[in-house]
Amino acid sequence: IVHKDCSSIGKQFSQLEHLQFLNLADLTIDESCANTIRQDFFLPIAQNLQSLNLTMADMIWMHPTVYNVFQNLKELDISLAEKFSVCPSLAVDLFMNMPESLETLHMGRWRSDAEILPSCYMNETAIAGLKNLPNLTKLNMRYGDMLFGPKLNASIFSGFRALRFLDIGWCRFSDIEDFAFDNCPSLETLSLDGNPLGPRPIRLCSNSTVCSLHALKLSRATIFADFDEKYAPNKMLRGRSEEHTSELQSRETI
């Protein structure tokens, strides 16, 4: 779809009073719209829309406040966003202007063939806006190659109070700061698939009272141990009972 109207996604959409789901993947916006797409661009679909797919859409010309108009948007997909793949931290203003109704955000495959500079890593400041969303329960950042740099710092996800599902698989970080998810009290499912985590013990939470993890995904995470020393998966969650510790040690399948 090549869209040449710089003022609106299309006034005709306002006639679809019951439209709730809209897929605009691969949307291309004409270059003549440079720096002219403002907050009311999505106004014709803003009232009732619940799910919007903008995978691989051309977001270069979009003002960061364009999503503010949505009143009931629950799911947004902005995967393969070229503008932010080169420098993920540029999304700071976009995240500050997300609708409070948002429950699920897909921003997978934010990756580039070019080397990402440390100043462009997704950091605490860049992601801060998402922590203010009271209903955000699912965040998918899968295949964001070097999105966080070589190490996942604890400050990144500290403060996500409602988040229940987080996929940061295949982001190519090789280290996780100790207790990185202590301040994600509602987190139940965490995917670390495909990250080269190596032999260092992973300490995701300091104790079971601050951690609600029910499912941990480590497929192809290349966790390995010295043959002379057992890998202790129980260290991922400290403060477990001796009975639970023995159970984990007996299941050494990682």
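Count the bonded cysteines along the chain and the disulfides of this predicted model follow the pattern 1-2, 3-4, 5-6. A search of the whole structure turns up 3 disulfides.

| Pair | S to S distance |
|---|---|
| Cys-6 and Cys-33 | 2.1 Å |
| Cys-87 and Cys-120 | 2.1 Å |
| Cys-205 and Cys-211 | 2.4 Å |

**Cys-6 and Cys-33**

Start with the link of Cys-6 and Cys-33, which is left-handed, with -85° about the S-S bond. Which parts of the chain does it tie together? Cys-6 sits in the loop between β1 (2-3) and β2 (21-23), while Cys-33 sits in the loop between β3 (28-29) and β4 (51-53), so the bond connects parts that are 27 residues apart in sequence. As for solvent, Cys-6 and Cys-33 are both buried.

**Cys-87 and Cys-120**

The link of Cys-87 and Cys-120 is left-handed too, this time with -90° about the S-S bond. This pair joins distant parts of the chain, 33 residues apart: Cys-87 is in the loop between α1 (82-85) and α2 (92-96), and Cys-120 is in the loop between β6 (104-106) and α3 (124-131). Are these two cysteines buried or exposed? Cys-87 has a relative accessible area of 9%, so it is buried. Cys-120 comes in at 11% relative accessibility and therefore counts as buried as well; the cut-off for that label is under 20%.

**Cys-205 and Cys-211**

Now for the pair with the other handedness. The torsion about the S-S bond of Cys-205 and Cys-211 is about 40°, so this disulfide is right-handed. Its sulfur atoms are 2.4 Å apart, and a pair has to be within 2.5 Å to be called a disulfide. Both Cys-205 and Cys-211 are buried.

Cys-184 has 1% relative accessibility, so it counts as buried. Cys-171 also belongs on the buried list, because its relative accessibility is 0%.

Note on methods
Residues are numbered from 1 along each chain as its sequence is written. This is a predicted model: local features need pLDDT of at least 70, side-chain atom pairs count only at pLDDT 80 or more; totals for chains, interfaces and linings use all residues. Side-chain values use heavy atoms; hydrogens and water are left out. Helices (H or I, at least four residues) and strands (E, at least two) are DSSP runs, numbered from the N terminus. Buried means under 20% relative accessible area, exposed over 50%, partly exposed in between (1.4 Å probe, protein chains only).
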